[in-house]
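Tutor: Take the model below and let us work through it by question and answer.

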Amino acid sequence: MATIYDIAEKLGVSPSTVSRALSGRGYCKEETRKRIIQAAEELDYAPDQSAKMLKTRVSNKVLFTVPDMCNPFYFDMIQGINDVLDPYGYLLILMDTKNRLEEEKRAIQLLREKYADGMIMVSFDFCEENIGLLNRLHAPVVLTNQYVSPAGKDRFHYVWVDTQLGIKDVVRHFTSQGIRRIGYVGGRLQEQTGRERYEGYREGLQEAGLPLCADWIRESDYTEQGGYLAGLSLLNGSHPPPEAVACANDLMAYGFLRACEEKRIRVPEDLLLAGMDNLSLSARTSPKLTSVSLRAEEIGRTAAQMLIHRMNGDNRPIENEYLRPKLVVRESSVKPAGFGKRET
């Protein structure tokens with residue numbers, strides 16, 4: 001691979017002159033600059049990024065970790081992040097942690113080893129172990145979940161949407177239509193995200209004076225297949241069945257719709273359904289799916305802005321951002337005339 005020294009030797013100029021011409025920094029005669037650029041092209045020169053990083057200790061890379069790369073919810077978040085990072089010349093590196101603590105710890109270690117200049121981290125469960133590792137880092141990190149350590153001395157930022165309130169709004173939407181039997185399909189209660197969304201369901205029932213019925217609750221993962229299997233289990237195993245079901249994300253709601261179709265249960269004529277994430281596909285399903293918008297693109301944009309400030313040396317006190325969820329009502333959750341009178 002050609003170096004600036006090869007270009008300098010070819011043209012009979014100093015390596016520092018070549019460096020100034022190629023970087024655009026410092027004085028260089030226009031004629032000399034053109035000759036240097038032409039020679040660089042002829043020699044197939046490419047800058048050595050590893051050498052540059054050793055000198056500047058800046059990688060111009062940002063890590064973005066997600067627990068499930070196949071979940072389209074993160075696509076809009078990526079768009080928001082890139083909108084902010086691109087003008088600054090940062091490259092976004094996507095890492096799938098597969099919802100495993102060991103992979104999250106690996107991402108933290110990569111940042112510790114200066115593989116990137118900062119990190120935006122999504123997790124279903126920010127446990128004490130990886131929070132402790134994050135607080136020992138000397139690199140900026142932004143989380144996309146709320147987390148406050150008991151000591152209250154966290155060194156990271158976070159931007160969050162109140163998913164607990166989002167599920168609670170779904171339950172309120174059902175009860176406002178006179179629905180009394182409300183089921184729930186969510187993530188594992190051992191995880192932070194699963195607990196928060198379940199608590200929104202429980203609080204919504206409590207607010208309406210409705211009982212918590214274990215027969216109408218299923219735990220699953222946040223995939224379409226998980227929602228399908230949970231749907232079959234709930235529809236087969238609850239007597240009487242729920243009149244409405246809140247799913248903790250849209251993918252599970254799509255799977256639940258498939259289970260309803262298989263069981264010949266019509267949505268919304270026989271059962272009302274809502275999800276969370278407000279994926280673009282939710283406006284195109286049949287019926288169109290009611291969902292809670294978690295403002296993914298705005299999360300990404302806000303997180304990236306926080307990170308840019310820190311990477312540029314802004315050491316202001318830790319500030320966190322709250323974004324309110326928004327219920328987007330569509331056909332799947334609106335009670336029609338003759339609701340509950342199933343076809344035979």
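Student: What pLDDT must side-chain atom pairs have to count?
Tutor: Residues are numbered from 1 along each chain as its sequence is written, and side-chain values use heavy atoms, leaving out hydrogens and water. This is a predicted model, where totals for chains, interfaces and linings use all residues, local features need pLDDT of at least 70, and side-chain atom pairs need pLDDT 80 or more.

Student: Which residue forms a salt bridge with Glu-30?
Tutor: A salt bridge puts a side-chain nitrogen of Lys or Arg within 4 Å of a carboxyl oxygen of Asp or Glu. Here the closest N and O atoms are 2.5 Å apart. The partner is Arg-33.

Student: Why can residues three places apart point the same way in a helix?
Tutor: Count the residues per turn. Residues three or four places apart point the same way because an α-helix has, per turn, 3.6 residues.

Student: How far apart are the closest N and O atoms of Lys-105 and Glu-102?
Tutor: These two are also separated by about one helical turn, being three residues apart in helix H6 (residues 101-112). Lys-105 is partly exposed at 21%, while Glu-102 is exposed at 54%. They form a salt bridge, and the closest N and O atoms are apart by 3.4 Å.

Student: In the salt bridge of Asp-169 and Arg-172, what is the N to O distance?
Tutor: Both lie in helix H8 (residues 163-175), three residues apart. Asp-169 is buried at 13%, and Arg-172 is partly exposed at 31%. The N to O distance is 3.2 Å.

Student: Which residues are linked with Asp-169 and Arg-172 in a network of salt bridges?
Tutor: The count of salt bridges comes to 16. Asp-169 and Arg-172 belong to a network.

Student: Which side chain makes a polar contact with Asn-130?
Tutor: Asn-130 is found in helix H7 (residues 128-135) and is buried at 0% relative accessible area. A polar contact is a pair of N or O atoms within 3.5 Å; within protein, one must be able to donate a hydrogen and the other to accept it, and residues adjacent in sequence count only if both atoms are side-chain atoms. At 2.5 Å, the side chain joined to that of Asn-130 belongs to Glu-104.

Student: What strand order does the open sheet of six strands have?
Tutor: Strands are DSSP runs of E, at least two residues; helices are runs of H or I, at least four; both are numbered from the N terminus. Two strands pair if DSSP finds at least two bridges between them. The pairing in this sheet is mixed, and the order is S7-S6-S8-S9-S10-S12.

Student: Which strands stand at the edges?
Tutor: An edge strand here has a single partner, so one side is left without a neighbour in the sheet. Those strands are S7 (217-219) and S12 (326-328).

Student: How many residues of S6 are buried?
Tutor: Ile-182, Tyr-184 and Gly-186 are buried on one side. Gly-183 and Val-185 are buried on the other. Of the five residues in S6, the number buried is five.

Student: In S8, which residue is the bridge partner of Gly-183?
Tutor: S6 and strand S8 (residues 244-247) pair in the parallel sense over four bridges. In S8, the partner of Gly-183 is Val-245.

Student: What span does helix H12 reach?
Tutor: H12 (residues 296-311) has 16 residues. The expected span is 1.5 Å times one less than the number of residues, which comes to 22 Å. From first C-alpha to last, H12 is close to that and reaches 22 Å.

Technical notes. Buried < 20%, exposed > 50% of the residue type's maximum accessible area, 1.4 Å probe, protein only.
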